[in-house]
Structures are given as C-alpha cells and as structure tokens.
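Dear colleague,

Please find below the structure that I am handing over to you. My notes on the findings follow it.

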Amino acid sequence: MTRTNTVCRLASRPVGLPKVSDWQIDEEPVGTVSDGQFLVRVEYLSVDPAMRTWMNAGRSYVPPVEIGEVMRAGAIGRVIDSRHPQFAVGDEVYGTFGVQRYAISDGRDVTPVDTTLAPAPVHLGALGISGLTAYFGLLDVGRPQPGQTVVVSGAAGSVGSIAGQIARIHGCRVVGIAGGPDKCRWLVEELGFDAAIDYRAGDLRRQLKVHAPNGIDVFFDNVGGATLEAALARLARGARVVVCGAISQYNATDELRGPANYMQLLVARASMTGFVIFDYADRYGEAVVRLADWLRSGELRSHEQVVHGDVGDFPDALLALFRGDNTGKLILALDGS
C-alpha cells in the first residue's frame, strides 16, 4: 500500500508573526520502514509558544529548525507498521515526530502513551511537557511554601494553568494574570485560583498591589516584557522569579525588552532563574506519578482545547496562541487517515 505524507516545512525565517509564505506544505510518498524502525500515523500535534523561538536562527536551548526541515513538534500517534522489537502495531506513542501526517522512527526519545490512565490529549497537557514544565518550574525553581503568594502570568495557558493549580495544592495564595474576563473567570471558578487579573483592563501594577498586598513570593513568568516589570515592582523579600517563557517577546521585530527595574531583585534580596524542562528528563516519571494522582483525586484539572484539521492548518493554529485564542493546552487533531 502506497501512502502519501503531508508535511509542513519551514520555508523562511519569520520577521514578526509567521506568515503564510514562511511555510511550505508538501505531499510526498511515505518512506520505507527498515529493521529497527516503525511507522507512526500522527493523531495529535502539540501547539506551543516555544515553536516560534525554534524558527529563529541563533543560539538557544535547542538547535533552530533549519530552512526546508519539517517543523519540530511533539506529537502522539499510533504505530501502523513496525520492524522494531519494542514497538508493536497498534501502540500509542509520544515523540518529536514533527508537523506531518506520518513519521518513521527508530524509537529514540519515543515513549508509550497509557491511554488507560488518561485520554491521549491529556498526555500532551497535564501529563505531558506542559505539566512537567509547570511541576518542575514551580516546585524546584520557585520553591513555594504554604501561605505564600504565587503569581502566574499567562495563567490561562497550558503551563500557567497547571502551575497555578499546583501552587494551590501546596497551600499557596494564587493570583493569575490572563487576557480577558472569560479567562479570568475560568481561573477562579473552575481552577480554584484565589484571584485573577485581566491585563487587558490596564494598570497591572495597581491590580497586583490589590491582589498581592504583602508582595509576591513566587512569580512564575510565561510572558516577560511589561508584565515581568510589573511583577518585579511587587516582590516580597526573598522572592523567587521563575523564567519559564516570554511570549510577549517572541514576535518582536526590534530588540527584546528586558526588565528596566531589575534592581528590584537586589532590593527584595530576590532571585530570577531560568530553566529548561529537558534538564529534568531523568525525573519525568516522578512528576507524572504525582500529576496523575492529582488528576485522579480531582485536585488538578486538565483542559485541552483540541482543534480538528490537517497538517495545512498548523500555521493558523500556531497563530492562535499569539492571538490569545486558546484556553489551556492547544492541540491540533489530525483528522482522516
């Protein structure tokens, strides 16, 4: 049986928001599976803000996607052909398969997905890289203590929504920053945040003073820019700032905006630490066990916003992140065979 693969490749490096011309959608035959390999039909693609940084040339925590390469993406799919002793036809697996309908793998960095534990999309959200990032970023880097105030920017996103819930589980007062009243209402009413601030309403510094009157003990930052500056102005003594991401800066066409008031770290005897989730790979199992326990008990809620389409719909799905269209984890489900 001859199969045709649909592939999304990076055609040029974007300036600002990615454009249609920055992508190339190709149709090509699926390759032949050799000994020690297997073929995966990709079912769910993880859509993440970090993808925008992978499209840039230059030094980062992972090599950039090169022009002409398949766009990098974490994905879940089903094995449909195998000549690998550890992967059987029918297995559901996770790997960096890229934005394409089919992928051939030798099994390196591919892990089984236990759909008896949770549906496949949850393994891209709370039980996937998003949940792991929230878990280690908050607990290992932020080190919250019961009764402390934790503020999360990008709180309605895939990582922020989980980080805030973990802080609540650990007995902290949790304040989320998100865009729009609907997202703020969701954070408080559905996820149990103590308060939520709509940054689009303006005067973020005043709102932080209202909702964190004794200062911020842990700031889990997914946004950067002006939001980071506002939080630095409200740090409590000994605060920890966790630099997880900076989505406000990813499409900047001029110089990146850093915090002009970084000396607040000195005033508050605070620290600001960046981290990369891949550094915790040997501890993923520990985190998944605890995250799964919290899901089963109902203490943690996972929300996946699954949009259905095909490989050619990926570019617009990525833009949805920067339009602020998503709540929770954004996933592109590839329909059809």
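A salt bridge is taken here as a side-chain nitrogen of Lys or Arg within 4 Å of a carboxyl oxygen of Asp or Glu. The model is predicted, so that local features need pLDDT of at least 70 and side-chain atom pairs count only at pLDDT 80 or more, whereas totals for chains, interfaces and linings use all residues. Residues are numbered from 1 along each chain as its sequence is written, and side-chain values use heavy atoms, with hydrogens and water left out.

Salt bridges

The whole structure contains 18 salt bridges. One of them joins D48 to K329, with 2.4 Å between the closest N and O atoms. This pair links distant parts of the chain, 281 residues apart: D48 is in the loop between β3 (38–46) and α1 (50–54), and K329 is in strand β15 (residues 329–334). Helices (H or I, at least four residues) and strands (E, at least two) are DSSP runs, numbered from the N terminus. D48 counts as buried at 16% relative accessibility, as does K329 at 3%; buried means under 20% relative accessible area, exposed over 50%, and partly exposed in between (1.4 Å probe, protein chains only).

R108 and D106 also meet through their side chains in a salt bridge (2.8 Å, N to O). Here R108 is exposed, at 66% relative accessible area, while D106 is partly exposed, at 31%. A further salt bridge connects the side chains of E286 and R283 (3.0 Å, N to O); E286 is partly exposed at 36%, and R283 is partly exposed at 26%.

The surroundings of R101

R101 lies in the loop between β5 (92–95) and β6 (102–105) and is buried, with a relative accessible area of 4%. Its side chain makes a polar contact with the side chain of D310 at 3.3 Å. A polar contact is a pair of N or O atoms within 3.5 Å; within protein, one must be able to donate a hydrogen and the other to accept it, and residues adjacent in sequence count only if both atoms are side-chain atoms. A polar atom of the R101 side chain also lies 3.5 Å from the backbone oxygen of L334. C8 is 93 residues from R101 in sequence, yet their C-alpha atoms are 9.3 Å apart in space.

Strand β8

T149 is in strand β8 (residues 149–153) and counts as buried, at 10% relative accessibility.

Yours sincerely
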